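These are my notebook entries on a structure that is new to me. I record what I looked up, entry by entry.

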Amino acid sequence: MIISVVSGKGGTGKTTVAASLASVIPQSVYIDCDVEEPNGHLMLQPKFTSEESVNKLLPKIDYEKCDFCGKCIEVCEFNALINLKFEILLFEEMCHSCGACEYFCPKNAITEIPKELGKLRSGKTENDIKFYDGLLNIGEATAVPLIKKVKTKIENEKINIIDSPPGTSCSMVETVKDSDFCLLVTESTPFGLNDLKLAIDVVKNINVPFGVVINKYDETFVEMENYLTENEIEVMLRIPFDRKIAEAYSNGILPINSSDKIRTDFIGLIDLIKKKTKSNGTQMTQKKLINTDF
Amino acid sequence: MKQIVILSGKGGTGKTTVSSAFVKLLNNKITIDCDVDAANLFLLLNPKDQKQFEYFGGKKASINLELCSQCGLCESVCRFDAIHDYEINQLSCEGCGFCYRACPDDAIKFTAIKSGSYFECSLQDKSKFYYAILLPGEGNSGKLVSEIKKSALNNVDEKTKWVIVDGPPGIGCPVNASLSGADFVVIVAEPTQSGIHDLKRLVELLKTFSIKSGIVINKYDLNEKITLQITSLAGKENIPVLGYLPFDEDYIEAIKANKTIVEYSSHAAEDIKNIWAKVEFFMDISKN
């Protein structure tokens, strides 16, 4: 099972929720896909056992063969190449490694060479949680290939918790798209609500079942509850606004380790998710059966 | 004209709170919200006279099955795992056009798609404000940031003193795009383990751009030990600390009232004024 933890807005507590959830599930797998700013390791404190380079491919021109015909520039949709007539200039950060220039070059003058864009780190925590994260190299623009690589560590027979990057763009979709369930973490402010709506649009769009966790919960912010009730969206957990939780977090301590109540709440949360995905699963098989009948 | 970009690396440290406060304090400015994934600044600034522009960020491919001879070449050349059974998944399609160009039957269409909108509006003091909304799940957020900055900067005239840019989180492509043309970066950091971790990565990124910066430590009293660590990191990196803001529920109450912190709390307004004075000071004395 794959559970992804997302939020439109940054700093709402995605990593706290993801790491807490992983901690209360025996033998879970934690996958940190927030490769621009991975923080899961700060909360779960894994021992890293290995680190591998993740590469992207960049075109290299063989000037013995190149006649500056400009075909590579024509087929590059991302304007990553410029023809200077004596040199084909490459803007590495614009290149999406699609391979079109290499394929279409009439002189076979292009080969693709790997360049590191980040690292995939693997480890294990004291509680036997398998830990993986991606660390994007500084200055690197495209996170998606690294996210894909980190996601290859998903173990289907186990419960995988994925920590998503913030926002609602391609990196987030790449992270979430084949999840069985998505937890949307928000906070009781107009910013939190605005960004929650955006995130809900995305998960609905890609058809992933979801529920909401309200962090830094403040009952006086009624707009949040009103919106959720109107749209029949279930709040699966409310974590109170509490300076003590924030202080513990600042030292890398998860709330489940400082409050028994919150630990129990997270165990309840995982049970709730299991129930929901099970009932969804049956619904889906039923739908399929109906379809085959036709 | 000077362009100030507010960044944080980690999300939720208070970028928009600080940006909105600067906007409220300053005259003769243009304001741009570059967090196109999750724009929030407009919630505090109550913009008016909104004009909407459509943004076409890139193209996507689709197969015309009537022309398709099912040779499978498109699937084999696609590096983004977007093509299966002669169908192109629009969410996975990177927009590279490789399949469209390779198809021997001319069965693939490659068309521009709308990836978002951007808005030009006026604030109470008649100054211009720009923000954008990316359609859910779209890529090209860096390109949208460049686009919105370009249209905003077209409005710079001799009276414009400041361009205030509320930046996106992270250190990836939209952040790079938001930094083009910046004169000074205000980094909003928080004293947490994650906060200092992400701050270090942002500082590394800024070095590659050689842009002057300063740090605001928000919620400094949440963890004074880490605040001290940030201060010493700043010293080592030769980055001035512009000021310290407390962990104070006023900041949340201001957002809940849809107000900037300078409108909501007079002592916070003093803090922000002092921070801005330092921004001006450090921007002038040293140029990299």
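How far does helix H8 (residues 224-236) of chain B reach from its first C-alpha to its last? I found that H8(B) has 13 residues and reaches 18 Å, close to the 18 Å expected at 1.5 Å a residue. The expected span is 1.5 Å times one less than the number of residues of the helix. Helices (H or I, at least four residues) and strands (E, at least two) are DSSP runs, numbered from the N terminus.

**Entry: conventions**

I note that this is a predicted model, in which local features need pLDDT of at least 70 and side-chain atom pairs count only at pLDDT 80 or more, while totals for chains, interfaces and linings use all residues. Residues are numbered from 1 along each chain as its sequence is written, and chains are lettered from A and ligands numbered from 1 in the order in which they are written.

**Entry: the sides of H8(B)**

I next looked up burial. A residue is buried if 20 or more other C-beta atoms lie within 10 Å of its own, exposed if 12 or fewer, and partly exposed in between, with C-beta atoms placed from the backbone. In H8(B), the buried residues include Ile226(B), Thr227(B), Ile230(B) and Ala234(B). They lie on the same side of H8(B) because they cover an arc of only 110° around the axis; the arc is that of the directions from the helix axis to the C-beta atoms. An α-helix has 3.6 residues a turn, so residues three or four places apart point the same way.

The face turned away from the buried side carries the exposed residues Glu224(B), Lys225(B), Ser232(B), Gly235(B) and Lys236(B). Just after H8(B), I noted a positive phi of about 65° at Asn238(B).

What covers the buried residues of H8(B)? The cover includes helix H9 (243-250) of chain A, and from chain B strand S9 (184-189), helix H7 (193-209), strand S10 (213-217) and strand S11 (241-244). Two residues are in contact if their C-beta atoms, placed from the backbone, lie within 7 Å.

**Entry: H9(A)**

I then turned to H9(A), whose buried residues are Ile245(A), Tyr249(A) and Ser250(A). Their arc around the axis is only 140°, which puts them on the same side of H9(A). Arg243(A) and Lys244(A) are exposed on the other side. The buried residues of H9(A) pack against helix H1 (14-24) of chain A together with H7 and H8 of chain B. Gly252(A), which follows H9(A), has a positive phi near 80°.

**Entry: where the chains meet**

I found 52 residues of chain B in contact with 51 residues of chain A. On the side of chain B that touches chain A, the largest share, 8 residues, comes from H7(B). The residues of that side divide into 19 nonpolar, 22 polar and 11 charged. Ala, Val, Leu, Ile, Met, Phe, Trp, Tyr, Cys and Pro count as nonpolar, Asp, Glu, Lys and Arg as charged, and the others, Gly among them, as polar.

**Entry: the sheet of chain B**

In which order do the strands of the open sheet of 9 strands stand? I read S3-S6-S7-S2-S8-S1-S9-S10-S11 (chain B), with mixed pairing; two strands pair if DSSP finds at least two bridges between them. S3 and S11 of chain B are the edge strands, each pairing on one side only.

Strand S3 (residues 48-63) and strand S6 (residues 108-122) of chain B pair in the antiparallel sense over 13 bridges, and Glu54(B) has Ser117(B) in S6(B) as its bridge partner. S6(B) also runs antiparallel to strand S7 (residues 128-134) of chain B, joined by 7 bridges. In the hairpin of S6(B) and S7(B), with 5 residues between the strands, Lys126(B) takes a positive phi near 75°.

Strand S2 (residues 29-33) and strand S8 (residues 162-166) of chain B, by contrast, pair in the parallel sense over 5 bridges. There, Lys29(B) has Trp162(B) in S8(B) as its bridge partner.

Chain B comes to 11 helices and 11 strands, and chain A has 10 helices and 11 strands. Buried residues make up 53% of the 288 residues in chain B; of the 294 residues of chain A, 46% count as buried.
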